[in-house]
Amino acid sequence: MWEVTKQTVRAGIRGTAALAFAVVVGQSAAAQNLFAPVARVNDEVITGYEVQQRQRFMQLIGAPGTDTNSVIDSLIDDRLRGQVLDQATPEGIQSGMSEFASRADLTTEEFLKVLGQAQISEETFRDFIVISAAWRDLIRARYNGRVDITDEEVDRALGSSRG
């Protein structure tokens, strides 16, 4: 027969509290594992580290959609695009990085220094450039010959945006 005393109730409460603490600590430890997968795209994974890095990068450049779900969606899109693209050449990557940095009136080295100060890895920037540049080149190659925009259409579009 079980005997319930204050001492056994206290021991039970301590045990329950210890178990709850262990569960919370276990969950927060898992949440802190930045290299744990947060999404899968075919045979590839997206890690918490990649999400964190892309968020920081997008916030640094003032891009919209820096919430976690938008960043994960963007990384999934990049993975899908990367699976259909040819690999960029080292020269093309350097050119893309230089072009992007020049938009902020910086050299690539200066831009990388700013990223480093913001705790954003060079690989995050490089991956962003590789996919963006390769996708842009693919779209240009596929559709450039099909689109014919006249100077008048450009002037009309510019005139309508000023109003």
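Reply: Happy to! Let's begin with arginine 54: leaving out residues up to four places away in sequence, arginine 54 touches Val71, Ser74, Leu75, Asp78, Thr124 and Phe128. Contact here means heavy atoms within 4.5 Å.

Me: Before we go on, what kind of model is this, and how are the residues numbered?

Reply: It is a predicted model, where local features need pLDDT of at least 70 and side-chain atom pairs count only at pLDDT 80 or more, while totals for chains, interfaces and linings use all residues. Residues are numbered from 1 along each chain as its sequence is written, and side-chain values use heavy atoms, with hydrogens and water left out.

Me: Good. Is arginine 54 buried or exposed?

Reply: Arginine 54 is buried, at a relative accessible area of 4%. The cut-offs are under 20% relative accessible area for buried, over 50% for exposed, and partly exposed in between, with a 1.4 Å probe and protein chains only.

Me: And which helix holds arginine 54?

Reply: Arginine 54 is in helix α2. Helices (H or I, at least four residues) and strands (E, at least two) are DSSP runs, numbered from the N terminus.

Me: How many helices and strands does the protein have?

Reply: There are 7 helices and 2 strands. Starting at the N terminus, the order is α-β-β-α-α-α-α-α-α.

Me: What share of the protein's residues is buried?

Reply: Of the 163 residues, 21% are buried. As for contacts between residues at least 6 apart in sequence, 61% join residues at least 24 apart.

Me: Back to α2. Which of its residues are buried?

Reply: In α2, the buried residues are Gly48, Val51, Gln53, Arg54, Gln55, Phe57 and Met58. Their cover includes β1, β2, α3, α4 (90-102), α5 and α6.

Me: How far does α2 reach from its first C-alpha to its last?

Reply: The 13 residues of α2 reach 18 Å, close to the 18 Å expected at 1.5 Å a residue. That expected span is 1.5 Å times one less than the number of residues. After α2 comes glycine 62, with a positive phi near 75°.

Me: At what angle do α2 and α3 pack?

Reply: The angle is about 105°, and the axes are 9 Å apart. Axes are lines fitted to C-alpha atoms, for helices over the stretch in contact, and angles run from 0 to 180 degrees between N-to-C directions. The two helices are therefore roughly perpendicular to each other; that label covers 65 to 115 degrees, with under 35 roughly parallel, over 145 roughly antiparallel and the rest oblique.

Me: Which residues meet there?

Reply: From α2 there are Glu50, Val51, Arg54 and Gln55, and they meet Thr68, Val71, Ile72, Ser74, Leu75, Asp78 and Arg79 of α3. The residues of this contact divide into 4 nonpolar, 3 polar and 4 charged. In that scheme Ala, Val, Leu, Ile, Met, Phe, Trp, Tyr, Cys and Pro are nonpolar, Asp, Glu, Lys and Arg are charged, and the others, Gly among them, are polar.

Me: Which residues of α3 are buried?

Reply: Val71, Ile72, Leu75, Asp78 and Arg79 are the buried ones in α3. Seen down the axis of α3, they fall within an arc of 120°, so they line one face of the helix. The arc is that of the directions from the helix axis to the C-beta atoms. Asn69 and Val84, on the other side of α3, are exposed.

Me: What about arginine 81, what does it touch?

Reply: Arginine 81 is in contact with Ile131 and Trp135, leaving aside neighbours within four places in sequence. Arginine 81 lies in α3 and is partly exposed, at a relative accessible area of 29%.

Me: Switching to backbone angles: what is the phi of asparagine 42?

Reply: Asparagine 42 has a positive phi of about 55°, although it is not a glycine. It sits in the loop between β1 and β2 and is exposed, with a relative accessible area of 58%.

Me: And where is glutamine 119?

Reply: Glutamine 119 lies in the loop between α5 (108-117) and α6, with a positive phi of about 60°. Glutamine 119 counts as exposed, at 55% relative accessibility.
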